[in-house]
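Please keep the model in view while reading.

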Amino acid sequence: MAHVSQGIRLQSCRVARYRTPFSSAMRDECASIPMIMQVISVVGALMVLIAYGLIQAGTWRELDAGYLALNIIGSLLLGIVAIEDRRVGFVLLEFAWAGIALVGVARSIRARRAARGL
């Protein structure tokens, strides 16, 4: 079934992996997917936490590009994991977090233009 979407294959891998001990070939093929999601979630969480830590330490300000970039990318990564896990509340939280950071990007661009007198 080459035409089956990736989401359906992921779901069938989970079912096969937990349902029967006779699906060892499928188990090996699908075992790396949860690990990839774990790595993505840890990287995303670290990005958001590092950004927050640096702003609290006074190293960055709220409109610094690094702070905004870490927040946006980290929250999008966490949002992807939330979609995969079907966690609606976390999907909302992470994409709202990324949206709020995008508002910060717009504010930063306006502030830079105003400082240059454009």
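In this predicted model, α3 and α4 are roughly antiparallel to each other, because angles over 145 degrees count as roughly antiparallel, under 35 as roughly parallel, 65 to 115 as roughly perpendicular and the rest as oblique. The axes of helix α3 (residues 32-56) and helix α4 (residues 65-85) cross at roughly 150 degrees and come within 8 Å. Axes are lines fitted to C-alpha atoms, for helices over the stretch in contact, and angles run from 0 to 180 degrees between N-to-C directions. The α3 and α4 crossing is left-handed (the near helix is turned anticlockwise from the far one by less than a right angle).

From α3 they include Met37, Ile40, Val43, Gly44, Met47 and Ile55. From α4 they include Tyr67, Leu70, Gly74, Leu77, Val81 and Glu84. By class, the contact of α3 with α4 has 16 nonpolar, five polar and one charged residues. Here Ala, Val, Leu, Ile, Met, Phe, Trp, Tyr, Cys and Pro count as nonpolar, Asp, Glu, Lys and Arg as charged, and the others, Gly among them, as polar.

Now the whole chain. The protein has five helices and zero strands, in the order α-α-α-α-α along the sequence. Helices (H or I, at least four residues) and strands (E, at least two) are DSSP runs, numbered from the N terminus. Of the contacts between residues at least 6 apart in sequence, 46% join residues at least 24 apart. Of the 118 residues, 26% count as buried. The protein exposes about 8300 Å², and carbon and sulfur atoms supply 68% of it. Accessible areas come from the Shrake-Rupley method with a 1.4 Å probe.

Buried means under 20% relative accessible area, exposed over 50%, partly exposed in between.

| Residue | Relative accessible area | Class |
|---|---|---|
| Ala111 | 40% | partly exposed |
| Ser108 | 5% | buried |

Beyond its neighbours within four places in sequence, Ser108 is in contact with Leu63 and Leu68.

Residues are numbered from 1 along each chain as its sequence is written, and side-chain values use heavy atoms, with hydrogens and water left out. Local features need pLDDT of at least 70, side-chain atom pairs count only at pLDDT 80 or more, and totals for chains, interfaces and linings use all residues.

Notes. Contact means heavy atoms within 4.5 Å. Buried means under 20% relative accessible area, exposed over 50%, partly exposed in between (1.4 Å probe, protein chains only).
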